[in-house]
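Trainee: Could we go through this structure together? I should like to begin with the helices and then move on to the backbone and the side-chain pairs.
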Amino acid sequence: PAGGGGAAPAPPPCDKFESVSILFADIVGFTAMSAQMTPQQLVDMLNAIFSHFDRLAIKNKVYKVETIGDCYFCASGLPHADKFHADNIVQMALDMQKATQHFMTPLGAKLQFRVGIHSGPVVAGVVGSKMPRYHLFGETVHKAALMEQTGQAGRIKLSDDCVSLVTRQFGECYEDGDGNVVPMVFTESVLARPLST
């Protein structure tokens, strides 16, 4: 009817998930690296990397939340619950790190990602009226970001809470800058259960 009458729009869907796994990944040294590229080179590089990560997310039953600059943010166990969310997200991280080894900057430099994962409860819902997005809220998100920020280049840091939910063995290794072969996956504390034999 005229005058904008009618029923009010339904509120955006919102759910609380008791157990999900959150992953953050970002490019090591991105700020200095990006300063040496043209805008087109930078966008093309990020598009190639993140498009590949999007395909990995589909493969591993992982939900891409968003990208923020050079940071890739995704989750498993939502919007549909999955009891194997920790396994799925760790496999996603391993696939991301393996794929990154084949990406180069336009200037021929190797790329390295730092990855952090945490598991726990979150609230999720659609926020905004213009370009609404599905957002995640809660301490679990902040802890996952902390795992990434305190992680190491080329490796995957898991919180103890995530380790307690992992049911598979992940024995992949990574060669660091000094030529040492180390486990690609490492844990928040020495109290966590080992992930490889």
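Mentor: What follows is a discussion of a predicted model.

Trainee: Let us take helix α2. How does the distance between its end C-alpha atoms compare with what it should span?
Mentor: Helix α2 covers residues 39–59, which is 21 residues, and at 1.5 Å a residue it should span 30 Å. Its end C-alpha atoms are 30 Å apart, which agrees.

Trainee: Which residues of α2 are buried?
Mentor: The buried residues of α2 are Leu42, Met45, Leu46, Ile49, Phe50, Phe53, Leu56 and Ala57. Seen down the axis of α2, its buried residues fall within an arc of 110°, so they line one face of the helix.

Trainee: Why would residues at that kind of spacing end up on one side?
Mentor: An α-helix has 3.6 residues a turn, so residues three or four places apart point the same way.

Trainee: And which exposed residues are on the face turned away?
Mentor: The face of α2 turned away from its buried side carries Gln40, Val43, Asn47, Arg55, Ile58 and Lys59, which are exposed.

Trainee: What do the buried residues of α2 pack against?
Mentor: They pack against the strands β1 (14–27), β2 (63–68), β3 (71–76) and β4 (113–127), and against the helices α1 (30–34) and α3 (85–100).

Trainee: Now α4. Which of its residues are buried, and what covers them?
Mentor: Helix α4 runs over residues 139–149, and its buried residues are Thr140, Val141, Lys143, Ala144, Ala145, Met147 and Glu148. The elements covering them include β1, β3, β4, β5 (133–137) and β6 (156–158).

Trainee: Changing topic to the backbone: which peptide bond is cis?
Mentor: The bond from Leu78 to Pro79 is cis, with omega near -5°. Pro79 lies in the loop between β3 and α3.

Trainee: Which residues have a positive phi although they are not glycine?
Mentor: Lys61 is one of them, with a phi of about 60°, and Met131 is another, at about 55°. Lys61 is found in the loop between α2 and β2, and Met131 in the loop between β4 and β5.

Trainee: Why single these features out?
Mentor: Most residues other than glycine have a negative phi, and most peptide bonds are trans.

Trainee: Are Lys61 and Met131 buried or exposed?
Mentor: Lys61 is exposed, with a relative accessible area of 62%. Met131 also counts as exposed, at 70% relative accessibility.

Trainee: Where does Ile117 lie, and what is it in contact with?
Mentor: Ile117 lies in strand β4 and counts as buried, at 0% relative accessibility. Leaving aside neighbours within four places in sequence, its contacts include Ile22, Leu23, Ile89, Val90, Ala93, Ala144, Met147 and Cys162. Cys162 is itself buried, at 0% relative accessibility.

Trainee: Staying with cysteines, how many disulfides are found?
Mentor: A search of the whole structure finds 0 disulfides. For Cys71, the nearest cysteine sulfur is that of Cys74, 9.3 Å away. Cys71 is buried, with a relative accessible area of 12%.

Trainee: How many salt bridges does the structure hold?
Mentor: There are 4 salt bridges. In one of them, the side chains of Asp54 and Lys64 meet at 3.2 Å, N to O. That pair links distant parts of the chain, with Asp54 in helix α2 and Lys64 in strand β2, 10 residues apart. Asp54 is partly exposed at 26%, and Lys64 is partly exposed at 32%.

Trainee: What about the salt bridge of Asp95 with Lys59?
Mentor: The closest N and O atoms of Asp95 and Lys59 are 2.8 Å apart. This pair also links distant parts of the chain, Asp95 being in helix α3 and Lys59 in helix α2, 36 residues apart. Asp95 is buried, with a relative accessible area of 9%, whereas Lys59 counts as exposed at 55%.

Trainee: And which elements hold Arg114 and Glu148?
Mentor: The side chains of Arg114 and Glu148 meet in a salt bridge of 3.2 Å, N to O. Arg114 is in strand β4 and Glu148 in helix α4, 34 residues apart. Both Arg114 and Glu148 are buried. Salt bridges that share partners join Asp26, Arg114 and Glu148 into one network.

Technical notes
Residues are numbered from 1 along each chain as its sequence is written. This is a predicted model: local features need pLDDT of at least 70, side-chain atom pairs count only at pLDDT 80 or more; totals for chains, interfaces and linings use all residues. Side-chain values use heavy atoms; hydrogens and water are left out. Helices (H or I, at least four residues) and strands (E, at least two) are DSSP runs, numbered from the N terminus. The expected span of a helix is 1.5 Å times one less than its number of residues. Buried means under 20% relative accessible area, exposed over 50%, partly exposed in between (1.4 Å probe, protein chains only). The arc is that of the directions from the helix axis to the C-beta atoms. Contact means heavy atoms within 4.5 Å. A disulfide is a pair of cysteine sulfur atoms within 2.5 Å.
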